[in-house]
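Work through the exercises below with the sequence and the structure in view. Try each task before reading its solution.

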Amino acid sequence: MRLGSTLRSRGRSFPPGIGRSPQRSSMYCSTHAPSQFICSHTDELLPTWQCPVSSVLIVLQLSACDLRDRTATTEAEKQKLRQQFVGFGFTVVERLQQLGYQADLFDPQTGLPMVSTPGRIHLDDVAVVRDCLGYPTLGHCGCSVILHPTWGSAIYPSVLLSSAPPALVAWVAKDVARGG
C-alpha cells in the first residue's frame, strides 16, 4: 500500500493511506499520526508506556450485515470480525515489538489495550475513525456507529497504537496481511 495515493480495488476508491489486505479481502488498513486526544491522554490509555504514541493503525472490516441492531446474527458477526482483528493485530504488535517499538491493539468490545496494562479511560474506536478518516457517525441504541460512504453501517472498526512511525506501521501491517 502506498501512503498518499488513492487505491482502487474492484471499482472501489479508498482515501489516501487505505489499502485492502490481499489475504483478508474485507480488511482495510490506514495509518495516521495520533490525534490530539490520544497524545493528551496517552498516560490514561497506556500508563506503562515510556514512549509517546507516534502512529495509529485503523483496521476497517466490511461486515456481512448491518451492525446497527443487536441480533444474534449481528453479535455473531461482530465476534467473527473481532477475532480476525485480534489475530491480525497481535501479529502486527509482535513484529513492532521485535523491532524495538511499543505497540498495542485495543479490544473493540471494551476499548482497553490487550497487551499493556489498561489505564483509566477507554479508547473509542468509532471516535478515532471519525477523527482520522472524517466518516460521519450515528448514535444508535446507546452506541456510536460509523457511516461509511459506500458500506453504510456494515463496518467493524478496530485500532492499534504504536510508538513506531506511521510508515513503518503501514509496512508491517501490509506484510502481515500478505501472510509474511
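Contact means that heavy atoms lie within 4.5 Å. The model is predicted, so local features need pLDDT of at least 70, side-chain atom pairs count only at pLDDT 80 or more, and totals for chains, interfaces and linings use all residues. Residues are numbered from 1 along each chain as its sequence is written, and side-chain values use heavy atoms, with hydrogens and water left out.

**Exercise 1. The chain as a whole**

Task: State how many helices and strands the chain has, and describe its contacts and burial.

Solution:
- Step 1. Helices (H or I, at least four residues) and strands (E, at least two) are DSSP runs, numbered from the N terminus.
- Step 2. The chain has 5 helices and 9 strands, in the order β-β-β-β-α-α-β-α-β-α-β-β-β-α.
- Step 3. Among contacts with a separation of 6 or more, 64% join residues 24 or more positions apart.
- Step 4. Buried means under 20% relative accessible area, exposed over 50%, partly exposed in between (1.4 Å probe, protein chains only). Of the 180 residues, 46% count as buried.

**Exercise 2. Helix 3**

Task: Compare the reach of helix 3 with its expected span, and find what its buried residues pack against.

Solution:
- Step 1. The expected span of a helix is 1.5 Å times one less than its number of residues.
- Step 2. Helix 3 covers residues 72-98, which is 27 residues, and its first and last C-alpha are 39 Å apart, close to the 39 Å expected.
- Step 3. Its buried residues include Leu81, Phe85, Val92 and Leu96.
- Step 4. The buried residues of helix 3 pack against strand 4 (27-32), strand 5 (55-62), strand 6 (103-106), strand 9 (155-162) and helix 5 (166-177).
- Step 5. After helix 3 comes Gly100, with a positive phi near 95 degrees.

**Exercise 3. Ser158**

Task: Is Ser158 buried or exposed?

Solution:
- Step 1. Ser158 lies in strand 9.
- Step 2. Ser158 is buried because its relative accessibility is 0%.
- Step 3. Beyond neighbours within four places in sequence, its contacts include Leu57, Phe85 and Asp125.

**Exercise 4. The nonpolar cores**

Task: Which residues have the most contacts inside the largest nonpolar core?

Solution:
- Step 1. A nonpolar core is a set of buried Ala, Val, Leu, Ile, Met, Phe, Trp, Tyr and Cys residues joined through side-chain atoms within 4.5 Å.
- Step 2. The largest has 21 residues, and Leu123 and Leu161 have the most contacts inside it.
- Step 3. The largest share of this core, 4 residues, comes from helix 4.
- Step 4. Another core, of 19 residues, lies apart from this one and includes Met27, Leu57, Phe85 and Ala164.
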